[in-house]
Amino acid sequence: MSLPSTDTVVGYPDGDVVSTGTVVHVEALPDGRSAVILDRTAFHPVDPVWPDQPADTGTIAVDGASRPVVDAVVGATDGTVLHVGDAPVRTGTEGWTFVVCHLVDDATGLEPGTPVTVTVDAEARRALSAGHTACHLASLALNDALAGVWTKDVPSDGRGRPNFDQLAITSSRILPDGSVDEYRIGKSLRKKGFAAAEFPARVGEVADAANALLASWVSAGADVPIAIVRDGDGLGERRRWRAGLPDGVVEIPCGGTHLRSLAELTAIAVELELAEGDGALALTMRTTATPA
Ligand SMILES: [Zn+2]
């Protein structure tokens, strides 16, 4: 059986939760499960390189008989071997093919050429989309609230604010209706001009300012449209989150799923927590989105 040579066409960036497609490859895995690859899918896979948004949950059906998809991961092949969830390259790397691997316990009946229907758990997807949209907006609000803590010029975000989020982030986890972002404020950030010594005394005011900005955005509701824009429909293509905020359109590179507008939320709020250790400050931002 030959390995896939074209990227999986993905519908989740447009909000799809159901798709029909054809099996193009089935890979038996060492743990007894199988990775089923389709020509197209609505299923969002976790990307091990930056695993911020978890995989969708849902089913894959043949002739009306459905079985659970127990996990979904990004697969990559250079034509010699299929890496399932452990690609040695970043998604989108030239010369590689990137595919959505739907992991199933039993691949009986899923031969190449078989037409299938994939159905994503829509409520779980909505909650992750809300969490992801809130995560991006919270990062912009945090950058805004921290603007006065910088003493030097650093690269700015889509709103022209010093991009603390990009410079300091160590991990980002999207949760149902929320997210947790971890930042490290160490020597290199201080050298770049982040006034770390005075920051602990200002955490409260920074959180208040971020929350005020988030509240103003959420109050604009349907007037803040959100979309994923992309160069092509293959899994390996670059995608960007685009939000029409009241003060202008902003974009952030993003491989996940999102709401259509802020009319779907009644609130976004952040909590900031600062901890000290190994010569650095660890900042945790917990974001909560309240569905409308
Ligand atoms: Zn994102």
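## Domains and model

Domain bounds here come from an automatic or database domain assignment. The structure is a predicted model. Domain 1 covers 9-120 and domain 2 covers 124-291, and because both give residues to the lining of the largest pocket, that pocket lies between them.

## Largest pocket

The volume of the largest pocket is about 1300 Å³. Its lining consists of 47 residues, and those nearest the centre are Trp50, Arg90, Pro253, Cys254 and Gly255. By class, the lining of the largest pocket holds 17 polar, 16 nonpolar and 14 charged residues.

Two helices, α1 (122-145) and α2 (164-168), are among the elements that each supply at least two residues of this lining. The strands that do so are β11 (169-175), β12 (178-185), β14 (239-245) and β15 (248-253). With 6 residues, α1 gives the most to the lining of the largest pocket.

## Second largest pocket

The second largest pocket contains about 250 Å³ of space. It is lined by 17 residues; Asp14, Gly15, His258, Leu259 and Arg260 lie nearest its centre. The lining of the second largest pocket divides into 8 nonpolar, 5 charged and 4 polar residues.

At least two residues of this lining come from each of α1 and β13 (226-230). The largest share, 4 residues, is supplied by α1. Domain 1 and domain 2 both give residues to the lining of the second largest pocket, so this pocket lies between them.

Terms used:
Residues are numbered from 1 along each chain as its sequence is written. This is a predicted model: local features need pLDDT of at least 70, side-chain atom pairs count only at pLDDT 80 or more; totals for chains, interfaces and linings use all residues. Side-chain values use heavy atoms; hydrogens and water are left out. On a 1 Å grid over the protein atoms alone, a cavity is a set of points where a 1.4 Å probe fits but cannot get out, and a pocket is an open set with protein on both sides within 12 Å along at least five of seven lines; lining residues have an atom within 4 Å of a point. Grid points are joined across faces, edges and corners, and a volume is the space filled by probe spheres set on the points. Ala, Val, Leu, Ile, Met, Phe, Trp, Tyr, Cys and Pro count as nonpolar, Asp, Glu, Lys and Arg as charged, and the others, Gly among them, as polar.
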